[in-house]
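Hi,

Here is the structure I promised to hand over, with my notes below it.

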Amino acid sequence: MKKIKPSINFAGILNPGMRVFDVIMRTEYGTSYNSYVVKGAEKTAIIEASHRSFSRLYGEGLEEALEGRTPDYLILNHVEPDHSGSVACLLERYPNLQVLASQAAAIYLKNIVNREDFKPSIVRDGDSLDLGGKTLQFISAPFLHWPDSIFSYLPEEKTVFSCDFLGAHYCEPGVLDREILYAPEYFAALKYYYDCIFGPFAPYVRAGLQKLKALDFDTVCTSHGPVLTKDGALGRVLELYESWSAEKQAGPARIPIFYCSAYGNTKSLAQAVREGVLGAIPDAEVPLYNIIEHDLNALAEEMNGSDAFLIGSPTINREAVPPAWQLLSLADAINIQKRPVALFGSFGWSGEAVPHLSERLQSLKCAVFEQQLKVCFVPTQGDLAAARAFGEAFAKGI
Ligand code: FEO
């Protein structure tokens with residue numbers, strides 16, 4: 001059991017062996033499911049629970065962190081199952097435990113706990129909970145990263161419980177940031193976590209940072225990764241969130257072209273399309289990416305942060321090739337709407353890749369260029385001229 005502050009104990013689970021989180025995130029440094037016990041003179045609160053698969057282990061650590069007390073409250077800053085999966089077990093262990101969450105969270109929670117008698121208490125922005133000499137204050141933090149997210153703030157200990165905000169899938173035995181042994185790896189995990197979890201919600205991140213600025217705090221108890229402290233990484237992490245969430249500065253249009261190419265034909269088209277785009281917008285930044293030669297997450301960041309983009313894929317077995325689909329699977333569905341996009345590709349027999357990718361981008365509500373560039377096998381000089389015209393026409397419409 002780790003003491004974070006005189007009235008705050010760490011009760012979380014360390015999971016250093018995890019390598020994939022929620023199916024989609026790689027977690028090469030493991031993760032932790034952070035949970036905290038807050039002790040007032042009269043009442044005791046748990047903040048955040050744990051993943052269901054760790055319920056027994058979590059229960060044992062929690063007992064230790066409670067130091068003989070019976071908890072009165074469980075506060076869930078949001079209800080994603082990595083934090084709420086063990087709530088049903090906690091309710092069996094502590095039948096009088098009162099669960100507190102935001103209104104949106106309460107709706108989801110009923111479908112996670114699945115008990116007829118389950119009645120969570122709703123906390124609203126500005127509400128507080130007196131534990132006896134220690135008062136938890138609740139601050140709405142919508143879309144950080146779920147609609148139901150809140151921060152909990154304990155002013156007497158200058159501590160914010162920030163939910164996933166400022167967290168990272170990163171695990172070291174020390175729990176506190178001052179004990180991190182592999183700082184570059186931690187900051188890489190922090191960035192990856194930000195990109196995956198908070199990247200789509202930059203305006204809400206800025207709003208969350210503003211709310212934190214209004215508080216007097218020196219410690220942030222996140223839900224994953226190290227506890228952040230003023231003497232450790234807290235200042236740097238806040239700076240990084242400021243810069244990552246900053247509004248994009250005006251500059252040259254960035255129009256990346258992503259392609260796959262089995263025999264160099266789609267690659268030739270990509271190069272010609274690029275010439276056409278630059279013919280229309282000479283100062284545009286138009287990087288060409290052969291998808292299989294780059295880190296997919298880096299490409300996704302490029303795609304999601306672009307002003308417009310193009311994807312080229314050959315057709316194999318009546319379909320676009322998997323790397324093209326894998327890239328699109330990482331599209332930021334929230335912010336990519338209305339983004340100008342265009343499709344092209346060489347094909348042999350039939351040529352379904354371009355229309356199939358087009359359908360997917362239309363379902364994402366992108367502004368899909370009405371022209372589709374499809375060329376059978378090796379592009380002729382005429383085809384390449386058509387590709388340049390295609391790129392130019394697309395760029396002129398951005
Ligand atoms: Fe760590 Fe959004 O759950």
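At what angle do helix α5 and helix α7 pack? Before the answer, a word on the source. This is a predicted model, in which local features need pLDDT of at least 70 and side-chain atom pairs count only at pLDDT 80 or more, while totals for chains, interfaces and linings use all residues. Residues are numbered from 1 along each chain as its sequence is written, and side-chain values use heavy atoms, with hydrogens and water left out.

Now the helices. Helix α5 (residues 183-198) packs against helix α7 (residues 234-245) at about 40°, and their axes are 12 Å apart. Helices here are DSSP runs (H or I, at least four residues) and strands likewise (E, at least two), numbered from the N terminus. Axes are lines fitted to C-alpha atoms, for helices over the stretch in contact, with angles from 0 to 180 degrees between N-to-C directions. The angle makes α5 oblique to α7; under 35 degrees counts as roughly parallel, over 145 as roughly antiparallel, 65 to 115 as roughly perpendicular, and the rest as oblique.

On the α5 side, the contact (heavy atoms within 4.5 Å) is made by Y186, F187, L190, K191, Y194 and F198, and on the α7 side by R236, V237, L240, Y241, W244 and S245. These residues divide into 9 nonpolar, 1 polar and 2 charged. Nonpolar covers Ala, Val, Leu, Ile, Met, Phe, Trp, Tyr, Cys and Pro; charged covers Asp, Glu, Lys and Arg; the others, Gly among them, are polar.

α7 has another partner, helix α6 (residues 202-213): the two pack at about 145° with axes 9 Å apart, in a left-handed crossing. Here A202, V205, R206, L209, L212 and K213 of α6 meet L238, Y241, E242 and S245 of α7.

Further along, the axes of helix α8 (residues 265-280) and helix α12 (residues 381-396) come within 6 Å and cross at roughly 45°, which makes α8 oblique to α12. This crossing is right-handed. Among the residues in the contact are L269, A272 and V273 of α8 and A387, F390 and G391 of α12.

How is the chain divided? There is a domain 1 (2-245) and a domain 2 (257-396), with bounds from an automatic or database domain assignment. Their centres, taken over C-alpha atoms, are 41 Å apart. In the contact between them, 7 residues of domain 1 meet 6 residues of domain 2. About 400 Å² is buried between the domains, with carbon and sulfur atoms giving 41%; buried area is the accessible area (1.4 Å probe) that two parts lose on being put together, summed over both.

Two backbone details to finish. Most residues other than glycine have a negative phi, and most peptide bonds are trans. The peptide bond from L144 to H145, however, is cis, with omega near 5°, and H145 sits in the loop between β13 (135-140) and β14 (150-154). V175, not a glycine, has a positive phi of about 70° and lies in the loop between β15 (159-163) and α5.

Best wishes

Methods
A crossing is left-handed if the near helix is turned anticlockwise from the far one by less than a right angle, and right-handed if clockwise.
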